Amino acid sequence: MTTDHPDQEQHRDQEQHRDQDQDREQHQGQQQHQHQGQHREQPQHRHRNHVRDQHQGQDPHQHREQRRFHLPSGSAARGAYAVDIDPGRAGWDRSALRVLELGPGGVHTLVTGESEWIVLPLAGACTVRIAGETFELRGRESVFSGVSDFAYLPRDAHAQIASGAGGRFALAGAKCERRLPARYGPAPEVPVELRGSGTCSRQVNNFAAADTFDCDRLIAVEVLTPGGNWSSYPPHKHDEHVPGEECELEEIYYFEVRDGGLGYHRVSPSRDGGTDVLAEVRGGDVVLIPDGWHGPSIAPPGRTLYYLNVMAGPGEERAWLIRDHPDHRWIRDTWPDEPIDARLPLYTAHPSPGPEVTP
C-alpha cells in the first residue's frame, strides 16, 4: 500500500481547490458570454452552417429554396399522417399527398373536402367505408412485392379507413370540381408498363394514369427503377400550357428504397428563378415540383428505387403532356437498339405497352 506524505496531501488539496476555482470562473465566463450573445450563433455553428450552405456550390438562399422542395422523411408529418402535403403547404393550387400509418386495429376518418382522393396501400391491407359502400383492399406486403388494388373517394364526403393488422397507406389527392362516384380499382386491371431500355429501363404501374382510370383532376402512377438505372429520364417538364405539346401539372414525388439506402433526384430550372434541387432521397422523402426540368431519378446499385407520382393541374383537359429537355432528348433514339433490363418486370398485373413517354 502506498500512502501520501501530509505535505503532498496539502499540496494536492491546494491544486484541487485552484482547479475548482478555475472551472468556476470559466463556467461563469461562459454563462456571461452566452447571456451577452445568446441570440448570436457560436463560431463553430456558423462554420458548420456555412459549409452546409456552400455544399455543392449552393449559396444560403439556394439551400433554403432546396429545403422548400425536398422534404426528408418526418419533416412533412402532421397529426395522424407521416406525410401531409396539401396545396397550401406546397404553395400551389391542387396536388396533395398524405401517408397514413395505422397500427393493428387502427381506424382513421377522412373528410375529403374539395378534393378527390385515392387510397393506395403501400404496405398492408385495409377496409374503406364511404356512403354505405365498403371496399376491401387486399393491399400488398410492400411496394416492391406487387401491384395493389385501391379505392377512389369523391370530394365532399366522409370516409373511414380501418386496418386489422395495420399498415401504411398513401392518400393521393387533387382539388377538383366534379364529384365522381366512389369506386374500387382491382389490382389485376392496373396496366403495368415497361418503359425505356438498357440502364434507362423502369417499370410503371399506371393505376390512375390519365388514360387508365377516370378522375376529375388527379393523375397518379408508381415507378420502380432497378438498382443502377436512371428513370424520369430524359429530364422533362410540364409547367406551362402549350396546346398539343405540354400541359401544366403540379407534381409530388414520394420515395422508398428497397432494403434501405439512398437515391438521387434532380430538378433543374426551366426559367429564371425556377426550382433547383439536387436531393439525396431516402425512404419516406418527398420532392415537390411546381416547375422545372425533373430527372433523373437515380437508383443506387443493388437497391430498387420506388416513387409515387401525384399530379394535378388547372387545364380543362385531364392530360399528361410533357416536353423533354432539348439537350437530353436524344437518349430516346438509343432505346430501340438496347434490350429492356432483364430484371423487369419486378412483378406483373395486366401488362400494357403504354405510350412512349417519361414519368
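Colleague: How many disulfides does the structure hold?

Modeller: This is a predicted model, in which local features need pLDDT of at least 70 and side-chain atom pairs count only at pLDDT 80 or more, while totals for chains, interfaces and linings use all residues. Residues are numbered from 1 along each chain as its sequence is written, and side-chain values use heavy atoms, with hydrogens and water left out. A disulfide is a pair of cysteine sulfur atoms within 2.5 Å. By that rule, the number of disulfides in the structure is 0.

Colleague: Is Cys126 buried or exposed?

Modeller: The class follows from the relative accessible area, computed with a 1.4 Å probe on protein chains only: under 20% is buried, over 50% is exposed, and in between is partly exposed. Cys126 has a relative accessibility of 3%, and therefore it counts as buried.

Colleague: Which residues that line the second largest pocket are the closest to its centre?

Modeller: On a 1 Å grid over the protein atoms alone, a pocket is an open set of points where a 1.4 Å probe fits, with protein on both sides within 12 Å along at least five of seven lines; lining residues have an atom within 4 Å of a point. Grid points are joined across faces, edges and corners, and a volume is the space filled by probe spheres set on the points. The second largest pocket holds about 220 Å³ of space. Of its 19 lining residues, the closest to the centre are His241, Cys247, Gly315, Glu316 and Glu317.

Colleague: How many charged residues are in the lining of the second largest pocket?

Modeller: Ala, Val, Leu, Ile, Met, Phe, Trp, Tyr, Cys and Pro count as nonpolar, Asp, Glu, Lys and Arg as charged, and the others, Gly among them, as polar. The lining has 8 nonpolar and 4 polar residues, and the number of charged residues is 7.

Colleague: What kind of aromatic pair do Trp230 and Tyr233 form?

Modeller: Rings of Phe, Tyr and Trp (its six-membered ring) pair if their centres lie within 6.5 Å; planes under 30 degrees apart count as stacked, over 60 as edge-to-face and the rest as tilted. The whole structure has 8 aromatic pairs. For Trp230 and Tyr233, the centres are 5.1 Å apart and the planes stand at 90°, and the pair is edge-to-face.

Colleague: What kind of aromatic pair do Tyr253 and Phe255 form?

Modeller: The ring centres of Tyr253 and Phe255 lie 5.8 Å apart, with 25° between the planes. Tyr253 is buried at 0% relative accessible area, and Phe255 is also buried at 0%. By its angle, the pair is stacked.

Colleague: Which residue lies over the face of Tyr152?

Modeller: Tyr152 belongs to one aromatic cluster with Phe150, Phe207 and Phe213. A charge sits over a ring if NZ of Lys or CZ of Arg is within 6 Å of the ring centre and within 35 degrees of the ring normal. At 4.5 Å from the ring centre of Tyr152, the residue is Arg183.

Colleague: With which residue does Asp84 form a salt bridge?

Modeller: A salt bridge is a side-chain nitrogen of Lys or Arg within 4 Å of a carboxyl oxygen of Asp or Glu, and the structure holds 21 of them. Asp84 is buried at 6% relative accessibility. The closest N and O atoms are 3.0 Å apart, and the partner of Asp84 is Arg78.

Colleague: Is Arg195 buried or exposed?

Modeller: Arg195 meets Glu193 in a salt bridge of 2.6 Å, N to O. Glu193 is buried, with a relative accessible area of 0%. Arg195 has a relative accessible area of 4%, so it is buried.
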